[in-house]
Amino acid sequence: MSPKKFTVTELTDLIKRQLENTFSGVLVEGEISNCKMSSLGHLYWTLKDTGAVISGVIFKGSLRYLDFQPKDGMFVRVTGRISVYAPRGAYQLVAEAMEAAGTGDILAMLERRKKMFALEGLFDEAHKKPIPRFPEKLAIITSHTGAALRDILNILKRRAAGLDVVILPTPVQGEDAAEFIAARIRQVNQWKLADVIICGRGGGSLEDLLPFSDDCVVRAVAASAIPVISAVGHETDMSLQDFAADLRAPTPSAAAELVSENYADTLNAVRSFSAQMHRTISGRLERAALLIKPFKTDYLERAFRSILQPRLIRLDDAKENLLYGLKEKITDMRSRYNIAKATLESCDPAKIMQRGFSVVVNTRTGKVLRKPRDTKKGDVLAIRLLEGSVTAKTQ
């Protein structure tokens, strides 16, 4: 006989009716973990013991009647019913009432360990090492896929970009996580990989954070020669590593800020000094510019022009006067020259002879005759014409 065929919805509805009808009123004891408050005011949590876990919720209407605030690690007694949420095919315990049933096993165990480690001196302040002001290398021990690593790297990139970072990935929850974490701390010390260590993870339930309270991790942190900053969970989370570490940071992001604090402060101081120096130098340059302004090329050019221009004008006037005087002098000299020339030309014998005059010389005395009485009868006269000459004899 073949089994009856169901759709997923039909099968889920059948399971829902069976569970909700069968477990309509239950009383369950267990330890709370992974408490989360929704935006609507409902509280979601997980109830567990050593063998199993069950998801649970207490709605806002019932939550307000509780006389305590449920927290991770508390051992509680829950009265309620089983409900099936069909869209996810999941069942959960819907609490109608809740009462504290005593301290949870995990918190009790942590308290015992804390007292034991304190008696051994692992938490003594005298053993804590100072965090370097300007570390050159930083080792980060955390999950390589977690948000904590991304937050740390983003902050270091912004605040201490020159810091050399060594990432040592490790599981941060589960049975083997503690041994991996302790081994990473010893590895950093063995090979001197860093000046300071950040060891931690993001938030989680109390049992998720247990590896950081494990005996081997606490002892590895206490024995580390390199300063360790514990950065586990959120500000309200607690691990025993926090007490053994040289410094506790409330979150991984806060650990990154603590490591990079001096870098950021120094950078801000350098920027402030740079701005102040810039203002001082700018002021001095402005004063120097005012002092040397009279010696600038354009300013000197204007100054020389103011000195030279009147003299150049006087020089131009003197030149014009000189040229005018020379022109007048030349004109006068030319006029006198022309007069003298005309006078000389008028006295030129050749010019006179051209008009029909001639020169008569008494050959006996050799003198030019100007008067008739300068001759005697029978003197031979030489008559010089413009062209050639003739002789004559007086009677």
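Reader: How does the lining of the second largest pocket split by class?
Author: Four nonpolar, two polar and five charged residues. Ala, Val, Leu, Ile, Met, Phe, Trp, Tyr, Cys and Pro count as nonpolar, Asp, Glu, Lys and Arg as charged, the others, Gly among them, as polar. This is a predicted model, where local features need pLDDT of at least 70 and side-chain atom pairs 80 or more, while totals for chains, interfaces and linings use all residues. Numbering runs from 1 along each chain as its sequence is written, and side-chain values use heavy atoms, without hydrogens or water.

Reader: Which residues line that second pocket?
Author: Met-109, Arg-113, Ala-178, Leu-210, Pro-211 and Asp-214 are among them. A pocket here is an open set of points on a 1 Å grid over the protein atoms alone, where a 1.4 Å probe fits, with protein on both sides within 12 Å along at least five of seven lines; lining residues have an atom within 4 Å of a point.

Reader: And the largest pocket, what lies nearest its centre?
Author: Lys-71, Asp-72, Gly-204, Thr-236 and Asp-237, out of 16 lining residues. The lining has six nonpolar, five polar and five charged residues.

Reader: Which strand gives the most to it?
Author: Strand 1, residues 26–37, with three residues. Strands (E, at least two residues) and helices (H or I, at least four) are DSSP runs, numbered from the N terminus.

Reader: New topic. Gln-241, buried or exposed?
Author: Buried, because its relative accessibility is 0%. The cut-offs: buried is under 20% relative accessible area, exposed over 50%, partly exposed in between (1.4 Å probe, protein chains only). Gln-241 sits in helix 7, residues 241–244.

Reader: What does Gln-241 touch?
Author: Beyond four places in sequence, its contacts (heavy atoms within 4.5 Å) include Cys-199, Phe-212, Val-217 and Ser-230. Cys-199 in turn contacts Ile-141, Ile-181 and Val-228, among others.

Reader: How many aromatic pairs?
Author: Two. Phe-117 and Phe-123 are edge-to-face, because their planes stand at 70°, with centres 6.1 Å apart. Phe-123 and Phe-243 are tilted, at 5.5 Å and 35°. Rings of Phe, Tyr and Trp (its six-membered ring) pair with centres within 6.5 Å; planes under 30 degrees apart are stacked, over 60 edge-to-face, the rest tilted.
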